Number of protein chains: 2
Amino acid sequence: MITDPLRDLPTFSDIESAARRLEGVAFHTPLLRNEALDTAIGAPVWIKPETLQRTGSFKMRGAWNRISRIPEADQAKGVVAFSSGNHAQGVAESARILGLKATIVMPSDAPQSKIASARARGAEVRLYNRNGESREAIAAEIAERTGATTIKPFDDAWIMAGQGTAGYEAGADAKAMGVHFGSVICNASGGGLLAGVALAFEEIWPYAEVYAAEPEGHDDLIRSLAAGRIVSNAPGSRSIADALMAPEPGVLPFQIHQRRVAGGFAATNDQLLDAMSFAFHHLNLVVEPGGAAALAVLLANREYFAARAPVLLVLTGANVDPEIFAQAISRPPLA
Amino acid sequence: MITDPLRDLPTFSDIESAARRLEGVAFHTPLLRNEALDTAIGAPVWIKPETLQRTGSFKMRGAWNRISRIPEADQAKGVVAFSSGNHAQGVAESARILGLKATIVMPSDAPQSKIASARARGAEVRLYNRNGESREAIAAEIAERTGATTIKPFDDAWIMAGQGTAGYEAGADAKAMGVHFGSVICNASGGGLLAGVALAFEEIWPYAEVYAAEPEGHDDLIRSLAAGRIVSNAPGSRSIADALMAPEPGVLPFQIHQRRVAGGFAATNDQLLDAMSFAFHHLNLVVEPGGAAALAVLLANREYFAARAPVLLVLTGANVDPEIFAQAISRPPLA
C-alpha cells in the first residue's frame, strides 16, 4: 500500500490495484506470436505489443494510475511533466480524460509526431533545449508557480505500479494458456516499466529471468547493475532511441532492478533500425527506435534467449516520424 | 456438411469445424480498439487485425482448412494455386507445415515481398504476365500434368468456411465482452472472406449489417449486387490494391453475398493511401493497400457507419513493399 509515491516502493498488490483502475481506460493488449520470429530465434517468443496501447506506448498505464489518484482539491491546478515524448502522451491523454490542464516540458528535438500528438490531446507543450536547459528546473518552476502536480516519468511508486500492469496482464494471459515464460526482455530508460514488470513477474513467474534492453551509449542500467550503484550516461551521448535517453536509472526503480533483473544487453543504432525493419516486414507492427530495443537485443542474442524460452518480448512504443520509419524499412529484414 | 467443396455452400457448422481445425496453426487474432479511430468516427470501432495473422493475412485460414483435408492418397502429388500474393502465402505455409509440394502461379508484377515470401516458405513460384497469359490455364495445365490438387482462392466451400473463422472469432469475442456489433466492413475481391464472415454473423449477429469494401475500378461486387447477377470488372483496370483484383465475385461466395450483404463502398487509390497512413500514424499497424480498403471506406463514410456502430473493421493483409508503404506514410494522416 503506497502512502508516499515518491518514497515507497510498490508491491504486487499495488499492481493489482492499478490493473483495476486501468479497466476501461487503457487497453488489455494481446499476446501475439509470429512464425518468422519463432523461426529466427528457434524457440517460442510471445510479443506484448504496447505499441497498440492507447497513446501508442505503455506510458498511458502509469500516467493514468498516477493522475487519477490526484486529490480533488489539487485537480484544478493541473499537472506538469517532462518527457521526451511517450510519457507526454500518457500524461496528456489522462489529463484530457479527467478534464485536467496539462503542461509538458519536451525537448525541441523530440519527434514532431510526439510534439503534435501531445498538443492534439490538449496539452500545453513547453519546448526546451536539451543541451542548455534543465527540464527538471523548468518543470519545477511551473509546478511552483501554478501548484500543478508533477507527474514524474518513473521515480514514482504509482507510475511503476501502473507500468507493471503490462507484465501482470502478460503473465496472467500466459498462465491461462499454460505457457511458462523462461525470460522477459523489456526496454529500459529510467526503468519504471522494467521495475513494474519485474515486480509482477516476481509474484506470477518467479523463475523467469528478467532482462533489460538499452541503446548503446545509454546503457546506464547495465553499468549501474554491474557497479551496484547508480551510474549515469556520458553527457551529450545520443541514440536514435529518443524514448530511452534518461540520464540514469530512477532511484526507486533501481532498488527493484537490483533485486530482480538478471542482466541487460545494449543495441546499436544499426541493430535498432534492423529490428524496426524486422517488425515491419514480419510482425507487421509499427515500432519506434526505442520501442525496438528488446527485439534488437533478442535478434542479436538468439542462442542466449532460445535457452531461456518461451521469451516474453515487450514492444514498448510506436510513436515514430515517417521519415525515420521509411529509413528503417528500406533495410532488408534480417532472416 | 460439405461433400463437394466446389459445389456446396458452407454452413455455420462448417465454420465451427474449420475453427477447431485451425487451433494451434492459425492465430486467434485479437479485437483491438483505438482512441483516434473512435474519435474520427464518433462511435466505437473494433478492429480485427488479420494483418497479424500467420503469413500476414487471413488467407492462412482458408488455405489450411482446405489443404489439411486433402486425402492421404493425393498428398504426395502436391498442391497448385494461382494468387496475386496473400493466398500464395497461405497455401505455401500450409503445404510447408504438412510437407506437401506447392506450386503457385503469381503475376510477374506482384509485390516483390509476396513473391519472395512464397519462395521462402518453400513454394515453387511460376510467374505469368497478367496481360497476356491466363493464370487459370497455367494452373490447370500443372494440375493435369502432376495430379496436384488445385487450391482455389475463394470458389471453394472449405476455403470460405476457413476464412469465416475470422468473423466467428470476432463475433464470439465481442459476445463475451457484451459488445453488440451494428455493422461489419470487410474487404472483398473474390469475396470468400466476406461470404465466410457473413455466414458467421448470420448465426452470431443476425442483425448486424455486412458491408463490402472494394477498390475503385474493381467494384465488381457492388455492381453485381445491384444487377442481381455476377458482372465483371473492365479488363485491364488497375488499382494499387493488388490483393483485391479478382475479375468478378466467385460463384459460390456470391450466393451468400446476395443473401447477406447489405451494401458496399469503393475506395479510390488516394483513399487507400490515406487509410494506410492513418493505420501507421494512429493504429500503429502495417496494412497493405488492399488490406486498407475497409478502413478507407469507414473514414470516407463516417456518419453512415456511426449510425451503425459498434463497427467491426476487418484489416485483411499487411504484405506490402517498403517503397509503397513509405509513399503512403509520407501523407499527413487524416484527422
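Of the 335 residues in chain A, 63% are buried. The structure described here is a predicted model, and the values given below were computed from its atoms. The secondary structure of chain A consists of 15 helices and nine strands. The radius of gyration of this chain is 18 Å, close to the 20 Å given by the globule rule for 335 residues, so chain A is as compact as a globular protein of that length. Along the principal axes, the C-alpha atoms of chain A fill a box of roughly 55 × 40 × 40 Å.

Contacts within chain A were also examined by separation in sequence. Among those between residues at least 6 apart, 74% join residues at least 24 apart. The accessible surface of chain A amounts to about 11,900 Å², and carbon and sulfur atoms account for 50% of this area.

The arrangement of the two chains was considered next. In general, a rotation about an axis and a shift along it relate two copies of a chain.

Two residues illustrate local surroundings, one in each chain. Q163(A) is located in helix 8 of chain A, which covers residues 157-177. The relative accessible area of Q163(A) is 1%; because this is under the 20% limit, the residue counts as buried. When residues up to four places away in sequence are not counted, Q163(A) touches F58(A), K59(A), R61(A), G62(A), P153(A), G192(A) and L193(A).

In chain B, H282(B) is part of helix 12, formed by residues 269-283. The relative accessibility of H282(B) is 28%, a value between the limits of 20% and 50%, so this residue is classed as partly exposed. With neighbours within four places in sequence left aside, H282(B) is in contact with N34(B), A36(B), P333(B) and L334(B). H282(B) and E35(B) are separated by 247 residues in sequence, while their C-alpha atoms are 8.5 Å apart in space.

Note on methods. Residues numbered from 1 in each chain as written. Chains lettered and ligands numbered in written order. Predicted model: local features only at pLDDT ≥ 70, side-chain atom pairs only at ≥ 80, totals over all residues. Heavy atoms only, no water. Helix = DSSP H or I, 4+ residues; strand = E, 2+ residues; numbered from the N terminus. Rg over C-alpha atoms; globule rule 2.2 N^0.38 Å. Buried < 20%, exposed > 50% of the residue type's maximum accessible area, 1.4 Å probe, protein only. Contact = heavy atoms within 4.5 Å. Areas by Shrake-Rupley, 256 points an atom, 1.4 Å probe, with all protein chains shown as cover.
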